[in-house]
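I opened the model today and went through it piece by piece. These are my notes, in the order I took them.

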Amino acid sequence: MFEIVRQVLPDGGQHKGTSSCQAEKCKRATREGKPFCSGHIEQASYVASILDILEKRGVEEAILESGKGKVSGDGFFYKETLLLLRTKDFTAKALSRRLDISHKAADRLIRLLVADKLAVATATQRGDLILGGVGPQDLALDKD
Ligand SMILES: [Zn+2]
């Protein structure tokens, strides 16, 4: 078994599966030399950073849903939306699906971006908002 691990891993078996969890009062063995067992995986730095991002995203989503307050200019939704706008324009509906937020929250996000002059919005004949990036572009519209 150990020989197989040595052959598979390029570092010659540094990850021997003999580490124990670094969480306080936990002595469980970890798999493949990882610093934490599956019960304490949230203490690993990369998992903690993902959880942190998700928490901030949740706070911003609540702000957009309530319509009270303003999301941060360097927060999740501004960054994500401006990134999306580099490839195509979006209807509010498509944006809400893409960002997994309500139509109302997407609408609010669009208005904030437009107010900050980071994007432009036009309306279809039916009154749906279409969000586009600012600057020279000739992009396809995602009305999905
Ligand atoms: Zn543990």
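**Helix 4 against helix 5**

Helix 4 and helix 5 are roughly perpendicular to each other, because their angle falls in the range of 65 to 115 degrees. I note that this is a predicted model. I looked up the angle itself: helix 4 and helix 5 pack at about 110 degrees. Their axes are 8 Å apart.

Next I listed who meets whom. From helix 4 I have Ala92, Lys93, Leu95, Ser96 and Leu99. They meet His103, Ala105, Ala106, Asp107 and Ile110 in helix 5. I sorted the residues of this contact by type: six are nonpolar, two polar and two charged.

**The core**

I then turned to the largest nonpolar core, which has 19 residues. Leu64, Leu95, Ala106, Leu109, Ile110 and Leu131 touch the most other members. Helix 2 (45-66), helix 4 (92-99), helix 5 (103-115) and strand 3 each supply at least two residues of this core. Helix 5 gives the largest share, five residues.

I checked Leu109 separately. Leaving out residues up to four places away in sequence, Leu109 touches Leu64, Phe77 and Thr81.

**Asp128**

Last, I looked at a loop residue. Asp128 sits between strand 2 (119-123) and strand 3 (129-133). Setting aside residues up to four places away in sequence, I see Asp128 touching Thr91, Ala92, Lys93 and Ala123. I also took one distance: the C-alpha atoms of Asp128 and Lys143 are separated by 10.0 Å. Those two residues are 15 residues apart along the chain.

Note on methods:
Residues are numbered from 1 along each chain as its sequence is written. This is a predicted model: local features need pLDDT of at least 70, side-chain atom pairs count only at pLDDT 80 or more; totals for chains, interfaces and linings use all residues. Helices (H or I, at least four residues) and strands (E, at least two) are DSSP runs, numbered from the N terminus. Two residues are in contact if their C-beta atoms, placed from the backbone, lie within 7 Å. A nonpolar core is a set of buried Ala, Val, Leu, Ile, Met, Phe, Trp, Tyr and Cys residues joined through C-beta atoms within 7 Å. A residue is buried if 20 or more other C-beta atoms lie within 10 Å of its own, exposed if 12 or fewer, and partly exposed in between; C-beta atoms are placed from the backbone. Axes are lines fitted to C-alpha atoms, for helices over the stretch in contact, and angles run from 0 to 180 degrees between N-to-C directions. Angles under 35 degrees count as roughly parallel, over 145 as roughly antiparallel, 65 to 115 as roughly perpendicular and the rest as oblique. Ala, Val, Leu, Ile, Met, Phe, Trp, Tyr, Cys and Pro count as nonpolar, Asp, Glu, Lys and Arg as charged, and the others, Gly among them, as polar.
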